[in-house]
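Start with the pocket, then turn to the ligand.

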Amino acid sequence: MDIRVLHPSDIPHVQLANITNLPENYFCKYYLYHAMSWPQSSYVAVDVSRPQKTPYDPPKIVGYVLAKMEEEPTDGVQHGHITSLSVMRTHRRLGLAEKLMRQSQRAMAKTFGAQYVSLHVRVSNTAALRLYRDTLGFKVEKIEAKYYADGEDAYSMKMDLTHLRDGVGIDGDSSDEEDGDEGEAVGSVGKASEAEASETKKKGGKKRKVKVGRGLGVGELVERNESQKAESVGLH
Ligand code: ACO
């Protein structure tokens, strides 16, 4: 089994897994929005045991986690959100969901500086609740009444990620921050930013934060309540 970043070409297969496993479904553009805006946050589990017969044979995607960063957090705290997670019935209880979640949480913290990650889960979803609360360490923040389109309540859950963000990884590994070289500067823009970076380094300055998402005009695609608002296809 291979756990890797979600590629745009995976989207139809992820969409199929989502429709098979959950009643909260989304348009293709919403998946693409996740993949293009926060490419390190969403992952797929691919069954690589099945040999690829032709170059056009699609990967067998047996699980996914679709995640994003909250663009305008109401509490003002930079955080991630799990939009959707599922694993095909044939591949459950193998630890795939746990691995997908951990990969995503790590990327949210290390790449996007998330302080915590949030999600919603149906109060009746015992399996997911056990995964989130007992295996991963999420805490229930509150119950959101009638959150889902069919009237079911949701647990709104949160998990702190500061231990990952501050350099201590899932396995206690703090090496990623110092990995250093990401390759040569490319073109005139690359050269300019390289010079700027070395100047900042000389002055002992910090990395500069840049605006992403809404600031670049893609905010209109953001959906607040994945189960009820415009992007949802609503196959209930
Ligand atoms: N019953 C009780 N506990 C469970 C179950 C279950 N059926 N499934 C997982 N767990 C708990 C266990 O503690 C398990 O550890 P263990 O196997 O050592 O006992 C732990 O979670 C980790 O299990 P994984 O093997 O990583 O979980 P799996 O890959 O089977 O996927 C998932 C779990 C995603 C909940 C799967 O059952 C599924 O796809 N369900 C349908 C879709 C769904 O409910 N998705 C979550 C919706 S909420 C959201 O999307 C934000």
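Which elements each supply at least two residues of the lining of the second largest pocket? They are α1 (11-21), β4, α3, β5 and α4. Helices (H or I, at least four residues) and strands (E, at least two) are DSSP runs, numbered from the N terminus. This is a predicted model, in which local features need pLDDT of at least 70, side-chain atom pairs count only at pLDDT 80 or more, and totals for chains, interfaces and linings use all residues. Residues are numbered from 1 along each chain as its sequence is written, and side-chain values use heavy atoms, without hydrogens and water.

A pocket is an open set of points on a 1 Å grid over the protein atoms alone, where a 1.4 Å probe fits, with protein on both sides within 12 Å along at least five of seven lines. Its lining residues have an atom within 4 Å of a point. The second largest pocket has 37 of them, and L85, N125, A127, A128 and L131 lie nearest its centre. Helix α4 gives the most, 8 residues. By class, the lining has 16 nonpolar, 12 polar and 9 charged residues. The volume of this pocket is about 1000 Å³, counted as the space filled by probe spheres set on the points.

Now the ligand. The space it takes is the second largest pocket. Two or more residues of the shell around the ligand come from each of β4 (79-87), α3 (96-112), β5 (116-122) and α4 (126-136). Again α4 gives the largest share, 6 residues. The shell has 12 nonpolar, 7 polar and 4 charged residues.

Which residues come nearest to the ligand? Of the 23 around it, they are L85, V87, R93, G95 and N125. A polar backbone atom of V87 is 2.8 Å from one oxygen atom of the ligand. For G95, a backbone N or O atom lies 2.8 Å from a ligand oxygen atom. N125 uses its side chain: a polar atom there lies 2.7 Å from an oxygen atom of the ligand. On its own, the ligand has 970 Å² of accessible area (Shrake-Rupley method, 1.4 Å probe). The protein covers 80% of it.

Definitions and conventions: Near = heavy atom within 4 Å. Polar contact = N/O pair within 3.5 Å; in protein donor to acceptor, adjacent residues only side chain to side chain. Sits in = over half its atoms within 2 Å of the grid points. Nonpolar A, V, L, I, M, F, W, Y, C, P; charged D, E, K, R; others polar.
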